[in-house]
Amino acid sequence: FSPAMVALARERARRLGLAVDFHLQDLRKHEEAPASLDAVLFSFDVYSFIPGRAGRIGLLERMAGWLKPAGALLLSARQARGPYDRLVVTLQCLSVARREERQWGASHTRWIAPDGTLHRSFVKVFTEGTLRRELKRAGFSAGPWQSGHLVARRRRGRPLAGLV
C-alpha cells in the first residue's frame with residue numbers, strides 16, 4: 001500500500017544484487033504461477049488486516065498453490081497472548097453497540113501516513129488456537145510460534161485449490 005516503501009525496497013534489492021520482485025497491490029487480488037515460489041512471507045500484521053475468516057483461509061489456500069512442494073509460508077500475526085490481552089480484546093468486543101456486529105478479535109489500529117495524517121484501520125487479533133485452525137483448514141501444518149511468527153508447510157496429500 002506504500003509506493004515509497006516499494007520504491008525503497010526495489011532500490012535496496014538492486015544495490016544488493018538481489019533478484020526480488022516487489023508488487024504494489026492488494027494481496028487478496030495478487031496471483032502467482034502455481035508451484036513457482038520457494039516461500040511466501042506474511043510480514044507483521046498483514047494477516048491481521050484481512051477481515052473475515054473465509055477470506056483469510058481462501059488466501060492461504062491460494063498461497064499454498066503458489067508454493068513449490070518443499071516451500072514454506074512464514075506467517076506473522078497479532079496475537080492475544082495472555083490474560084491481559086484477552087481481557088482488552090473481550091472488552092473491545094463488548095463495547096460494540098450492535099450485537100450482530102460483534103466479533104471477538106475485531107479491533108482497530110491507528111497509523112500515520114507519509115503526509116502526517118492519522119488513519120484508522122481494521123485489525124484482527126488472534127489466539128494461537130484460531131491461527132492454527134485457519135492454517136490447518138487451508139492445508140498447512142504449522143511449526144511452533146516464536147515471538148508472533150511461525151513457519152508453515154503444505155500438508156502432504158492435501159489437494160491444492162485450483163490445481164488438478
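Q: Where is Arg56 found?
A: Arg56 sits in helix H2. Bear in mind that this model is predicted.

Q: Why is Arg56 called buried?
A: Its relative accessible area is 1%. Buried means under 20%. The value falls under that cut-off, so Arg56 counts as buried.

Q: What makes the link between Arg56 and Glu134 a polar contact?
A: The side chains of Arg56 and Glu134 are joined at 2.8 Å. The cut-off for such a pair of N or O atoms is within 3.5 Å.

Q: Which residues is Arg56 in contact with, leaving aside its neighbours within four places in sequence?
A: They are Tyr47, Ile50, Pro51, Lys124, Phe126 and Glu134.

Q: Where is Ile57, and what makes it buried?
A: Ile57 also has its place in helix H2. Its relative accessible area is 6%. The limit for buried is under 20%, so Ile57 qualifies.

Q: Which residues does Ile57 touch, not counting those up to four places away in sequence?
A: Ile57 touches Glu134, Arg137 and Ala138.

Q: How far apart are Ile57 and Lys136 in sequence and in space?
A: They are 79 residues apart in sequence. From C-alpha to C-alpha, the distance is 9.2 Å.

Q: Why is Thr127 called buried?
A: Thr127 has a relative accessible area of 16%. That is under 20%, so the word buried applies. Thr127 is found in the loop between strand E4 (118–124) and H4.

Q: What makes the pair Thr127 and Thr130 a polar contact?
A: Their side chains meet at 2.9 Å. A polar contact needs N or O atoms within 3.5 Å, so this pair passes.

Q: Which residue just after H1 takes a positive phi?
A: Gly17 does, with a phi of about 70 degrees.

Q: What makes a group of residues a nonpolar core, and how many residues has the largest one here?
A: The members must be buried residues of nonpolar-core types, such as Leu and Phe, joined through side-chain atoms within 4.5 Å. The largest such core has 22 residues. Phe42, Tyr47, Leu60, Leu73, Leu135 and Phe140 have the most contacts inside it. Strand E1 (37–42), helix H2 (53–66), strand E2 (67–76), helix H4 (128–137) and strand E6 (149–154) each supply at least two residues. H2 gives the most, with six residues.

Q: Why might such residues gather?
A: In soluble globular proteins, nonpolar side chains tend to be buried together.

Q: Which residues does Leu73 contact, beyond its neighbours within four places in sequence?
A: Among them are Val40, Phe42, Leu60, Leu135, Phe140 and Val151.

Q: How do you know that E1 and E2 pair?
A: Pairing takes at least two bridges. E1 and E2 have five, so they pair, and the sense is parallel. In E2, Leu67 is the bridge partner of Leu37.

Q: What makes E2 and E6 a pair?
A: They share four bridges. At least two are needed, so E2 and E6 pair, in the antiparallel sense. Ser76 stands opposite His149 in E6.

Q: How many helices and strands has the protein chain?
A: The protein chain has four helices and six strands.

Definitions and conventions. Residues numbered from 1 in each chain as written. Predicted model: local features only at pLDDT ≥ 70, side-chain atom pairs only at ≥ 80, totals over all residues. Heavy atoms only, no water. Buried < 20%, exposed > 50% of the residue type's maximum accessible area, 1.4 Å probe, protein only. Contact = heavy atoms within 4.5 Å. Polar contact = N/O pair within 3.5 Å; in protein donor to acceptor, adjacent residues only side chain to side chain.
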